[in-house]
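Please have a look at the structure first, and then we can walk through it together.

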Amino acid sequence: MHPYAQLLDIAERSRRNASALPQQVEAVSYWRGVGFMLAGQTFAADMIDVAEILQPPRLTKVPGVRSWVLGVANVRGRMVPVMDLAGLLGLPSKANWRSRRVLVVEQDDHLTGLLVDAVLGMQQFAVDRRVDVFELDPAFRKFVEHGFERDGREWPVFQLRELIRAPEFLQIAV
């Protein structure tokens, strides 16, 4: 067989035995956040808003402040005020001290620690699963605009930066 004919034969067999090209699959965009529990309710907070997650640190009490201001902590040489998020919202905590964690939020070079009942790790939601949240305790409504649905469960998104800017959060003196 002539070399050119052999090449044509190889090309033809290659086409017959070739696998199909992979199907075009639409890429799914995801929103990522930190899951946490507060007063018996599950939430997610934007990953961008949470600088760090800590076990409750040793606190120094501050006189003349509201009861939900737990004190200040030294976190790697930085002064961090720690607030009880459930207490701020007027809700009872439903967790023991061992499971509680502090979400550290950094805004404009200032750190604030928010004590929550538990942290549920990083959560990822398809952006097309965004939902409006209607059935929520009124204490949370000011800081929750939407949520995500996954596996038949709704995860409201708690806007931590909105909380830190809220007048009731900034008024800590008694």
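A polar contact is a pair of N or O atoms within 3.5 Å; within protein, one must be able to donate a hydrogen and the other to accept it, and residues adjacent in sequence count only if both atoms are side-chain atoms. With that in hand, the side chains of D49 and R161 are joined by a polar contact of 2.5 Å. This is a predicted model, in which local features need pLDDT of at least 70, side-chain atom pairs count only at pLDDT 80 or more, and totals for chains, interfaces and linings use all residues. Residues are numbered from 1 along each chain as its sequence is written, and side-chain values use heavy atoms, with hydrogens and water left out.

- D49 sits in the loop between β2 (41–46) and β3 (50–54); strands (E, at least two residues) are DSSP runs, numbered from the N terminus.
- D49 has a relative accessible area of 8%, so it counts as buried (under 20% relative accessible area, 1.4 Å probe, protein chains only).
- Beyond its neighbours within four places in sequence, D49 is in contact with V104, V105, E106, L160 and R161, where contact means heavy atoms within 4.5 Å.

**Positive phi at D108**

- D108 is not a glycine, yet it has a positive phi of about 50°.
- Its place is in the loop between β6 (101–107) and β7 (110–116).
- D108 is exposed, at 66% relative accessibility; exposed means over 50%.

**Positive phi at D151**

- D151, also not a glycine, has a positive phi of about 55°.
- The loop between β10 (144–150) and β11 (153–158) holds D151.
- D151 counts as exposed, with 75% relative accessibility.

Technical notes. Helix = DSSP H or I, 4+ residues; strand = E, 2+ residues; numbered from the N terminus.
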